[in-house]
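Dear colleague,

I am passing on the structure below, together with some notes on what was found in it. Please read the notes with the model open beside them.

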Amino acid sequence: MKLNAKFKALLASTAIAVGLTACGGGSGDAQSSQSSGAATVASIKEKGVIRIGVFGDKPPFGYVDANGKNQGFDVEIAKDLAKDLLGSPDKVEFVLTEAANRVEYVRSGKVDLILANFTKTPERAEAVDFADPYMKVALGVVSPKDKPITDMAQLKDQTLLVNKGTTADAFFTKNHPEVKLLKFDQNTETFDALKDGRGVALAHDNALLWAWAKENPNFEVAIGNLGPAEFIAPAVQKGNADLLNWVNSEIAAMKKDGRLKAAYEKTLLPVYGEKVKPEELLAE
């Protein structure tokens with residue numbers, strides 16, 4: 001099966017697979033429900049496993065495949081972190097999260113850090129500490145090709161689909177009260193609602209929308225860049241300078257030695273092809 005063809009089925013398959021226990025193998029065979037204080041580099045080494053929050057239904061960034069395995073761009077970065085810290089990419093415990101839960105999972109100690117396509121915003125930075133970014137993104141709007149939304153004025157008094165707790169949710173809530181928002185917890189629900197005609201369009205990160213529209217040719221991203229460019233970064237508990245400094249050093253090393261680009265080529269290049277250049281999405 002071609003890689004692009006695989007992506008076509010991912011959003012559908014994850015609706016079933018997301019209910020499975022996510023695992024990275026080795027010590028990370030079970031999702032954690034433990035709440036604890038801030039994890040230091042030393043305490044993570046002592047436990048022998050690092051708990052990282054990722055999406056289960058957002059291909060190609062984080063999703064659970066048909067075999068119950070975590071896959072995606074964020075997952076590759078998480079495995080690299082585990083390998084450097086604990087000696088094996090299998091010593092990561094993937095904890096599935098939804099967009100609206102990311103801050104709480106970090107604050108409560110349910111995860112040691114979040115790598116769930118987490119856009120850095122001033123509001124979120126008051127609740128968690130962001131490491132240096134590894135990706136840049138803007139909002140986009142996808143709509144049916146036969147009824148394209150090409151201008152914001154077309155959304156007035158119309159229903160726009162968004163995910164709860166995302167930057168799209170925050171952007172439209174704050175800046176466009178004239179747009180009716182229909183919100184869902186999971187990506188699969190939101191995209192299904194678009195296919196069912198429950199909204200005239202769907203707003204999300206443009207990187208995700210370009211990938212989805214490529215495999216759903218009846219839809220197009222007619223608004224590709226909306227609002228200011230933003231950055232996606234890992235996040236840790238507020239005040240956890242020990243873990244934050246270590247993550248920053250790791251992100252810098254991945255950029256320098258080519259591992260970040262390698263993760264892009266493994267997970268994102270098969271989806272985007274030549275339509276999107278790595279420098280358009282990877283943070284410097």
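A38 is partly exposed, because its relative accessible area is 42% (buried means under 20%, exposed over 50%, and partly exposed in between, with a 1.4 Å probe and protein chains only). Before going further, please note that this is a predicted model, in which local features need pLDDT of at least 70 and side-chain atom pairs count only at pLDDT 80 or more, while totals for chains, interfaces and linings use all residues. Residues are numbered from 1 along each chain as its sequence is written, and side-chain values use heavy atoms, with hydrogens and water left out.

A38 lies in the loop between helix 1 (3-17) and helix 2 (41-47), where helices (H or I, at least four residues) and strands (E, at least two) are DSSP runs numbered from the N terminus. Leaving aside neighbours within four places in sequence, A38 is in contact with Q237 and N240, contact meaning heavy atoms within 4.5 Å.

A131, by contrast, is buried, with a relative accessible area of 5%, and is found in the loop between strand 7 (128-130) and strand 8 (135-144). Not counting residues up to four places away in sequence, A131 touches A233, P234, L244, V247 and N248.

Turning to helix packing, helix 3 (residues 73-86) and helix 10 (residues 259-267) pack at an angle of about 140 degrees, with their axes 9 Å apart; axes are lines fitted to C-alpha atoms, for helices over the stretch in contact, and angles run from 0 to 180 degrees between N-to-C directions. Helix 3 is therefore oblique to helix 10 (angles under 35 degrees count as roughly parallel, over 145 as roughly antiparallel, 65 to 115 as roughly perpendicular and the rest as oblique). The contact is made by F73, E76, I77, D80 and D84 of helix 3 and by R259, L260, A263, Y264, K266 and T267 of helix 10.

Finally, there is an open sheet of three strands in the order 2-3-4, with antiparallel pairing, two strands being paired if DSSP finds at least two bridges between them. Strand 2 (57-58) and strand 4 (70-71) stand at the edges with a single partner strand each, so one side of each is left without a neighbour in the sheet. Two bridges join strand 3 (residues 62-64) to strand 4, and the bridge partner of Y63 in strand 4 is Q71.
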